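Welcome, and thanks for taking a look at this one with me. Below are a few numbered notes to read alongside the structure.

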Amino acid sequence: AYAGSHFVASEYHAQLQNDAERVSLLNQPITKLAPQRYRVYLAPDAFMSLIQMFNYGCMSEASIQRKESFLRHIRSGEMKFSPLFSLSDDLSHGLVPRFSSEGQVAPKKLSLIDHGQFIQAEVSQRTELEFNVPQNGASQSEEIRSIHVAPGNLQEQEILSQLDHGIWISNLHYLNWSDRQQGRLTGMTRHACFTVKNGKLGSPIEDLRFDDALPDLLGKQLLGLTSKTHWFQETGTYYYRQLGGSRGPGALIQEMNFAL
């Protein structure tokens, strides 16, 4: 996928070239890896799949108040995100309406987590009345309408050398919470995931299932985020054409737990 507000031919052709090189690697025999913990690089598509899980009952103030979200532990200081991680609801691009169904207007950019520190959750008018927490223009579902993860300092040309030995993960799917109150989630690798040895892409891998804690992956296990972010246009059409999209980087993870 390639999307954005400006078409840059050089970026488009570079992406095609990178994809073409990886397609050739798919002709190699598939490697079956043993279930264990691996050092991984999560390409932007895979990393943003993890971040999307915040919208499944976690970034909602009501969920936190009802002790249904692990973010209550982040707010209290029992769990910690890495200082490398910053998350916001960025409506400044104009691709998503700033107003809620009740007519409340959200700020153009709402900081949710800043350098690992919990700032605020998404708060709707209903939650304001129920829990006496000031609303911030959130929708009734209290989801992040336009996810934005701030970039880091990892240069894309350094990814393989920094990963050294591990797994390059291009895509994840079938994500779900295994324990939402503790932030544990599960999912599977998908499409063009490769072994990495001595800083070089190797053979494609047989799909693996991971089970890990999001606070760990975005906390003590997070080694770096790429300096370049990618825009992922929303393409859903359930009931109506979905709006907006998300922007985020790739992530280098020290250890990720693969259970099957």
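This is a predicted model: local features need pLDDT of at least 70, side-chain atom pairs count only at pLDDT 80 or more; totals for chains, interfaces and linings use all residues.

1. You will find Phe7 in the segment before α1, the helix spanning 9-25. Together with Tyr12 and Leu16, Phe7 makes a nonpolar surface patch of about 310 Å².

2. Next, please turn to the second largest pocket, which has a volume of about 200 Å³. Its lining consists of 15 residues, and those nearest the centre are Leu84, Ser86, His115, Ala150 and Pro151. Strand β3 (109-114) and strand β2 (87-90) each supply at least two lining residues. The largest share, 4 residues, comes from β3.

3. What is the make-up of that lining by class? The second largest pocket is lined by 6 nonpolar, 7 polar and 2 charged residues.

4. Now for the charged pairs. Side chains of opposite charge can pair when their charged atoms come close. Across the whole structure, a search finds 7 salt bridges. One of them joins Glu255 and Arg37, with the closest N and O atoms 3.1 Å apart. This pair links distant parts of the chain, since Glu255 sits in strand β15 (residues 251-257) and Arg37 in strand β1 (residues 37-42), 218 residues apart. Glu255 is partly exposed at 33% relative accessible area, and Arg37 is partly exposed too, at 34%. A network of salt bridges links Arg37, Glu255 and also Asp212.

5. A salt bridge also forms between Arg66 and Glu130, where the closest N and O atoms are 3.2 Å apart. Arg66 lies in the loop between α3 (61-65) and α4 (71-76), while Glu130 belongs to helix α5 (residues 125-131), so the pair ties together parts that are 64 residues apart in sequence. Are these two buried or exposed, or something in between? Arg66 has 42% relative accessibility and therefore counts as partly exposed; Glu130, at 44%, counts as partly exposed as well.

6. Finally, have a look at Glu68 and Arg180, whose side chains meet in a salt bridge with an N to O distance of 4.0 Å. Glu68 is in the loop between α3 and α4, and Arg180 is in the loop between β7 (171-179) and β8 (184-190), so here again distant parts of the chain are linked, 112 residues apart. Glu68 is partly exposed, at 29% relative accessibility, and Arg180 is partly exposed with a relative accessible area of 29%.

Conventions. Residues are numbered from 1 along each chain as its sequence is written. Side-chain values use heavy atoms; hydrogens and water are left out. Patches are made of residues with over 30% relative accessible area and no salt bridge: like charges are joined within 9 Å, nonpolar side chains (Val, Leu, Ile, Met, Phe, Trp, Tyr) within 5 Å. Accessible areas come from the Shrake-Rupley method with a 1.4 Å probe; for residues, only the protein chains shown count as cover. On a 1 Å grid over the protein atoms alone, a cavity is a set of points where a 1.4 Å probe fits but cannot get out, and a pocket is an open set with protein on both sides within 12 Å along at least five of seven lines; lining residues have an atom within 4 Å of a point. Grid points are joined across faces, edges and corners, and a volume is the space filled by probe spheres set on the points. Ala, Val, Leu, Ile, Met, Phe, Trp, Tyr, Cys and Pro count as nonpolar, Asp, Glu, Lys and Arg as charged, and the others, Gly among them, as polar. Buried means under 20% relative accessible area, exposed over 50%, partly exposed in between (1.4 Å probe, protein chains only).
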